[in-house]
Amino acid sequence: MPDPTQSPPILLGIDVGGTKIAGVAIEDLPHGPRILAQAQRPAQREADALIEDIVAVVHALTTQLAEHPELAGPQAIGIGTPGAVDEASGDVRDIANLAIPYVPLAQTIREQCGLPTIVENDVNAAALGAARLIDGTQTGTIAFLNLGTGLAAGVLRDGAIDRGSSNTVGEIGHIPVEPHRWKCACGQRGCLETAASGGAAKRLWPYADPPMPAILAASANPDDPRHKQAEDVKAIIIGAIADAIDILAVTVDPAQIILGGGMAKTGSPLLEAISQELHERALESPFITSLQLPGRLRLAPANMPVGAIGAALCAERIPVPHNQST
Ligand SMILES: [Zn+2]
């Protein structure tokens, strides 16, 4: 029986997505997080259903943990969610994908599950998870670029989330510099998100889902009937992603830029296309050459529940007694 004062606490992490609610139980060991249990449910719309789904995932995780009597019980829950998160209260506003204008998420889950609960923005949580999985030390500045339905970044400084003065750090998807001047959901025109995101790729390439592997394949194949169109769409998307990386480099100056989110599951063909674009820009600019951008790029682990692991790591911020009885 391990001494519970010597073991790392067991933490539950929940990743609220537009299509699924994913959960993990982890121990955060010195060399990285160890997954002890996993569970997920399809996401449902509206606040009551979200609470019900999270409680069910927590229950499934604790049931799996109970099958291992050598393990202590979970000590805390971390939740990563889209929407505007008040980190102090754990209240969340405007989870658009799930039609939730407001939910007091931390308080409700704390009451229903009986565990300390913390809520974090989903991109910030994924940034913590990806950085911990890629580089356990987490020193210096690391940016996580989320190529999801939208475009946003999470910024870590020595392992701590940089929030700025109003939680706007990393909202680079809404920098309006994209030359096509497409209208963005935020009301502006020309936001980077209108070109550099999974949502944009679906709009620009409605022929395949996911679109990005098909775009890269068709642009590389001169015999493809949509070859020219694929070349144009690739140039738009990769160009806007390269702009986002350039902006991150000169504003945040991260040692590592981790590419995550659904589009990043395209894997090395996407990384190669972005690196190629950055190399070409460097050929014309000694300044861009000096930034050495391709060398900073990493891919988030595609086969790991990065968001849920990061959410669990957020729960480490909750002070809990080490010798909690089980
Ligand atoms: Zn916008």
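This briefing describes strand pairing and helix packing in a predicted model. Strand β6 (residues 91-95) pairs antiparallel with β5 (residues 84-86) and also antiparallel with β7 (residues 100-103). Helix α1 (residues 47-66) packs against helix α2 (residues 105-113) at an angle of about 45°.

**Strands β6 and β7**
- The pairing of β6 with β7 likewise comprises three bridges.
- R93 has Y102, in β7, as its bridge partner.
- Four residues separate the strands in this hairpin, where A99 has a positive phi near 55°.

**Helices α1 and α2**
- Two packed helices are described by the angle between their axes and by the distance between those axes.
- For α1 and α2, the angle is about 45° and the axes are 10 Å apart.
- The crossing of α1 past α2 is right-handed.

**Residues at the helix contact**
- On the α1 side, the contact involves L50, I51, I54, V55 and V58.
- On the α2 side, these residues meet L105, T108, I109, Q112 and C113.
- Classified by type, the contact holds eight nonpolar and two polar residues, with no charged residues.

Technical notes:
Residues numbered from 1 in each chain as written. Predicted model: local features only at pLDDT ≥ 70, side-chain atom pairs only at ≥ 80, totals over all residues. Heavy atoms only, no water. Pairing = 2+ DSSP bridges. Helix = DSSP H or I, 4+ residues; strand = E, 2+ residues; numbered from the N terminus. Axes fitted to C-alpha atoms, helices over the stretch in contact; angles between N-to-C directions. Left-handed = near helix turned anticlockwise from the far one by under 90°. Contact = heavy atoms within 4.5 Å. Nonpolar A, V, L, I, M, F, W, Y, C, P; charged D, E, K, R; others polar.
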